[in-house]
Each structure stands twice: as C-alpha cells, then as structure tokens.
Amino acid sequence: MRKVKDVMTTRVVTVREDQTRQQAAALMACHRVSGLPVVNEEGMITGLVTEHDVLARQGRFVREIMTRGLISVSEETDLEDVAQLLVNRRIRRLPVLREGRLVGIVSRADLVREVATRWTCPVCGEVAPGEVPPECCPRCAAPQMVAPAEPAPPGF
C-alpha cells in the first residue's frame, strides 16, 4: 500500500500570518499553486490560505483571511485514506505533519500523478510506480509491466 511519503511534495512554499493578502496572492501566482500553508514565527502551521480565501474573504493580512480548521495527515497515511479525505471533504490539499511540524503537502494532483504512473504485472498482479514501466516485475521477474487496463471513454 502506497503512503503519503511516496507522493507528497516536500519543497512547500509557505506564507506567514503577518504577510499581506497581496503577498500571499503573489506567492501563489509565482509558484503556480492554489493554496499555501500558513506558519507562525515559530514555524508551526496555523492554517491554510487558498485562492478562494484571497478572493472571497475581507482582510489585509493572511491571519484575517486564512482557513484555520485544518485537516492534516502524516507521512505514513495510506493514499486511499487521503483520496477519501480529499473527495469527501471537497478539499484540494492536505498538510503533511511530523510531530506537529510541516514536512510536506499532498494534493489531488499528486494522487492523479500517482495513478498515471502505476504499472501492473500481468503475471502476478504486482503494482510498481514510475514514470516508465520497470524492465521486469520486482516480485516475479516477469519481463513486462503494463498500465492497468481501463476502458477508454467513448470518442477516444
């Protein structure tokens, strides 16, 4: 079972509570992300600020517009559990914490990328991640790994 640590982004752009709404928006635009973890002076995560917060909430500073009710996961959380949280809670990203400290972020895009780079052994069913298929199955050494067979949508 794949874990958050296998797909999370570890180089996370953050914003401080005392930065302005405009500075948060500029960071999001510059780094092409739709949300940023908010940290205080001690580096502890205190919230998230998203595109929605920047556009819909009133306030000059990040601390005034950020979302405070955080849902987070650990590096050892199963990806299936993350997918359920993202879908059921209708959120796009989850901070990844280790002993209360931010160590990464996992997003819907990370999970989509994981699905797109999953290879299956036609002999034993072993699943292996990677941008390209492995030369052979890591479990049974079958010579070829293939993308899972999924029906193509009509029109393709």
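**From one residue to the whole chain**

Author: Let us begin with one residue and its surroundings, bearing in mind that this is a predicted model. Leaving aside its neighbours within four places in sequence, Val 62 is in contact with Val 15, Arg 16, Glu 17, Gln 19, Thr 20, Arg 21, Ala 24, Val 38 and Val 49.

Reader: Where in the chain does Val 62 sit, and is Val 62 buried or exposed?

Author: Val 62 belongs to helix 3, which covers residues 62-65. Buried means under 20% relative accessible area, and Val 62 counts as buried because its relative accessibility is 0%. Distance in sequence and distance in space should be read separately: Val 62 and Gln 23 are 39 residues apart in sequence, while their C-alpha atoms are 8.7 Å apart in space.

Reader: How should I read the sides of a helix, and which residues of helix 4 are buried?

Author: The general idea is that an α-helix has 3.6 residues a turn, so residues three or four places apart point the same way. In helix 4 (residues 79-88), the buried residues are Leu 79, Val 82 and Leu 86. They lie on the same side of helix 4 because they cover an arc of only 55° around the axis.

Reader: What do the buried residues of helix 4 pack against, and which exposed residues does the face turned away from them carry?

Author: The buried residues of helix 4 pack against strand 4 (93-98), strand 5 (101-107) and helix 5 (108-116). The face turned away from that buried side carries Glu 80, Val 87 and Asn 88, which are exposed. After helix 4 comes Arg 90, with a positive phi near 55°.

Reader: How many helices and strands does the chain have, and what pattern does the chain follow along the sequence?

Author: The chain has five helices and seven strands, and read along the sequence they follow the pattern β-α-β-β-α-α-α-β-β-α-β-β.

Note on methods: Residues numbered from 1 in each chain as written. Predicted model: local features only at pLDDT ≥ 70, side-chain atom pairs only at ≥ 80, totals over all residues. Heavy atoms only, no water. Helix = DSSP H or I, 4+ residues; strand = E, 2+ residues; numbered from the N terminus. Buried < 20%, exposed > 50% of the residue type's maximum accessible area, 1.4 Å probe, protein only. Contact = heavy atoms within 4.5 Å. Arc of directions from axis to C-beta.
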